[in-house]
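Colleague: I have a new model to learn from. Could you take me through it in short steps?

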Amino acid sequence: MGNRPLPIANLQAWWVHVPIPERQQHFGDFGQVSSFDSTIVRVTAENGVVGWGEAKNAPGSAGTYAALTALLNQEIAPKLIGKNALAPSVLADELYSGVRAHFASARGFVFPEMSRRGMSVAAISAVDIALWDLLGKTLDAPVWQLLGGRRAERLPAYGSGGWASAADIGPELRDYVDRGKFGAVKMRIGPMDGSMQESARRVIAAREAIGPDVELLVDAHGAFTLAEAKRFCHLVRDCDLGWLEEPLSGDDKPGMARLREFTHVPIAAGESEYTRFDFRDMIDAGAVDVLQPDLAVCGGITEGMRIAALASAHNLRMAPHLWSGAPGFTAGMHIAAASNCGYILEYSLGGHPMLHDLVEEEFVARDGYLDIPDRPGLGITIREDYLQAHVVSGEPAVGR
Ligand SMILES: [Mg+2]
């Protein structure tokens, strides 16, 4: 059981690249999304129990995962072999503080390494998610139970996609609502529209098509200046948006705060923020209403729960970003179910093979809801033959 240390025997990461069939591809500001790429991690304990994790550093096919995968295999794996697998949060903190982790542990504050954001934290995310999965399997408990219990057996989901033109966006979102019975849907806007006016036309068409009772969420991928975002909010002022997501770059938190003061539309953001410290800064700036940590980016389940506590303490809400493979997706489900500020789940309606084909389980929205897995750990069974068929790189450390 979990009261005795269980040494980590092996950590293996792979860059997994899955082509998306042409009819399921979409085009947006990240270009034509022709594949789904991610770094998938497997941690094996000395008794043979395995945990699965995931790290992200780019959406869709917008980036390669060679460096992130090598970081995990070449640098992080050697640090973890022999450490106690049953202490995910302890090991996440150790990786964050590096060679000074013993000072951090003894003195009660962080001693971060120089590379304390970006891929370093994404890599910690993968390790942390895998170790929570492993802990759950060891204790025969789902992750949400380890986190204190789930508030519901299922949570509302929103249908996420919405790339069509002004002429076609109505039918596209209408189809989402019809298929999944979603109470909320999300569409993308941005430079691919050609102008802010065209983005507004698409949003107005979407609202007309779905009627007043379905929540309409809009994601700008950080593509506006403050001045543009204000004009956009004015143009769609009668659309009753549920939120405007990433109106400005995450690097312009003061601008987001000024927009939040200006508009009645709630602001959502956070999918490319790292650690509780970035989320604290976003909250302190007054920049956000809905926090969207991505568990394969922000630092994993350990950090996700800390971010959730920050959100709750400021009477804000949390809707995890769930555009990842099955390990990152289910990690987000577990913290949303276990946190008192998680209230809605993103459900991708784009090409998403690493959610649907990488695992044996099915994640299907029914009546607008997603079931929270009640199997041990994350509640997923990785299809290792499928994974191996799509591996691009993943050399273990030299000498191991
Ligand atoms: Mg987004």
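Colleague: How many bridges join β9 to strand β10?

Modeller: Keep in mind that this is a predicted model. Strand β10 covers residues 267-269 and runs parallel to β9. The number of bridges joining β9 to β10 is two.

Colleague: Through which helix does the chain cross from β9 to β10?

Modeller: This is a β-α-β crossover, and it is right-handed. The helix takes up residues 253-262. Its name is α9.

Colleague: Which residue in β9 is the bridge partner of D219?

Modeller: Strand β8, residues 215-219, pairs with β9 in the parallel sense over four bridges. From β8 the chain passes through helix α8, residues 226-235, to β9 in a right-handed crossover. The partner of D219 is E245.

Colleague: Is strand β9 largely enclosed or open?

Modeller: Buried means under 20% relative accessible area. Five of the five residues in β9, residues 241-245, are buried. So the rest of the structure leaves β9 largely enclosed.

Colleague: What area is buried between domain 1 and domain 2?

Modeller: Domain 1 is 8-140 + 383-399, and domain 2 is 146-371. The contact takes 38 residues from domain 1 and 36 residues from domain 2. Carbon and sulfur atoms give 68% of the buried area, which is about 3,100 Å².

Colleague: Which three residues supply 20% of the area that domain 1 buries against domain 2?

Modeller: No other three residues of domain 1 supply more. They are D29, F36 and R383.

Conventions: Residues are numbered from 1 along each chain as its sequence is written. This is a predicted model: local features need pLDDT of at least 70, side-chain atom pairs count only at pLDDT 80 or more; totals for chains, interfaces and linings use all residues. Side-chain values use heavy atoms; hydrogens and water are left out. Buried means under 20% relative accessible area, exposed over 50%, partly exposed in between (1.4 Å probe, protein chains only). Two strands pair if DSSP finds at least two bridges between them. A crossover is right-handed if, with the strands pointing away from the viewer, the path from the first strand over the helix to the second runs clockwise. Domain bounds come from an automatic or database domain assignment. Contact means heavy atoms within 4.5 Å. Buried area is the accessible area (1.4 Å probe) that two parts lose on being put together, summed over both.
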